[in-house]
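Please read it with the structure in view.

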Amino acid sequence: MDAIRRLGVGLAALGRPAYINVGSAGELPPGRGVEAMREATWSVLDAAYAAGVRWVDTARSYGRAEEFLGGWLEARAPEGVRVSSKWGYAYVGEWKTDAKVHEVKEHSLGRFQTQYEETRRLLGGHLAVYQVHSLTEESPLFQDVPLQEALAQLAGEGVRVGFSTSGPRQAETIRRAMGLEAAGQRLFSTVQSTWNILETSAEDALREAHENGLHVLLKEVLANGRLAVQPPVRVQDVASKHHAGPDAVALAAALSKPWARTVLIGAVSPAQLRANLAATEVLLDEGDLEELAGLNVPAERYWAERSALSWV
């Protein structure tokens, strides 16, 4: 598959005025008002579509991201775009950058039913994949048979059912979720997980998911911007060798994984997007990949550092 078609645009940092991405503040519009963020979202989507990107990922908790995306889809009527969204978190930040709480999690049948109706209203028939947002082993979903059955019914509407993962036990969650069945069929057909050259703990489980027929999406490939703004020396060295930016190298490392069907980009401006898309021109050799493989850190450490990032 053409590398550009394996890339997708994630709207986590565009649908609300604050997120934990490092290095995005200077790229966002001054004031970050609703209309300004809508325009910024459309600019990124226009640039991505023109470049050949055909996957967009969003969530109910990404502020007004589904609304922005739905408006763009209606106005542009683009061909071939696939949309994945997520339910389970609700945005409660009231469009404030300094909100004490930005989102609240709940994996219940009621939350699913309410949010699915909201997503369908905003995205209509463009929705291709609906994912449980940040599934963990502790999620009540694993014991909630009515919820599982309700999710399984989405297939009848042409929507694939998936889940995303976060935290140091992603691998365990992936393997457990792959075993879930509803109405005699495997419940999940997609999985979206954090993978980057610092956090590779889910790699074996994701490869297994791919081998079992699940569509694997990778998120936070730039470690919430840290690999672009504060890259380790090894990343800088590989980037210099290829005359590319560190962000392109980090994304190229993700694209080198054949089990990763879709790699998500969290760019918040056309300029950031263009820099990220340069990854499709970076061909890492075995030596480069070995050099980058030595950068991974224990999952507990990685997630502790991520938790310390501020919403800005």
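Which residues make a nonpolar surface patch of about 200 Å²? In this predicted model, the patch is made by V92, V101 and V104. V101 is found in the loop between β4 (89-91) and β5 (103-105). The relative accessibility of V101 is 44%. Because buried means under 20% and exposed over 50%, V101 counts as partly exposed.

The report now turns to strand β10. This strand spans residues 190-194 and is mostly covered, for five of its five residues are buried. In a regular strand, side chains alternate between the two faces of the sheet. In β10, T190, Q192 and T194 point one way, while V191 and S193 point the other way. The residues on both sides are buried.

Strand β10 pairs with two strands, β7 and β11. The table sets out these pairings.

| Partner of β10 | Residues of partner | Sense | Bridges |
|---|---|---|---|
| β7 | 160-165 | parallel | three |
| β11 | 215-219 | parallel | five |

Towards β11, Q192 stands opposite L217.

Technical notes
Residues are numbered from 1 along each chain as its sequence is written. This is a predicted model: local features need pLDDT of at least 70, side-chain atom pairs count only at pLDDT 80 or more; totals for chains, interfaces and linings use all residues. Side-chain values use heavy atoms; hydrogens and water are left out. Buried means under 20% relative accessible area, exposed over 50%, partly exposed in between (1.4 Å probe, protein chains only). Helices (H or I, at least four residues) and strands (E, at least two) are DSSP runs, numbered from the N terminus. Two strands pair if DSSP finds at least two bridges between them. Patches are made of residues with over 30% relative accessible area and no salt bridge: like charges are joined within 9 Å, nonpolar side chains (Val, Leu, Ile, Met, Phe, Trp, Tyr) within 5 Å. Accessible areas come from the Shrake-Rupley method with a 1.4 Å probe; for residues, only the protein chains shown count as cover. A salt bridge is a side-chain nitrogen of Lys or Arg within 4 Å of a carboxyl oxygen of Asp or Glu.
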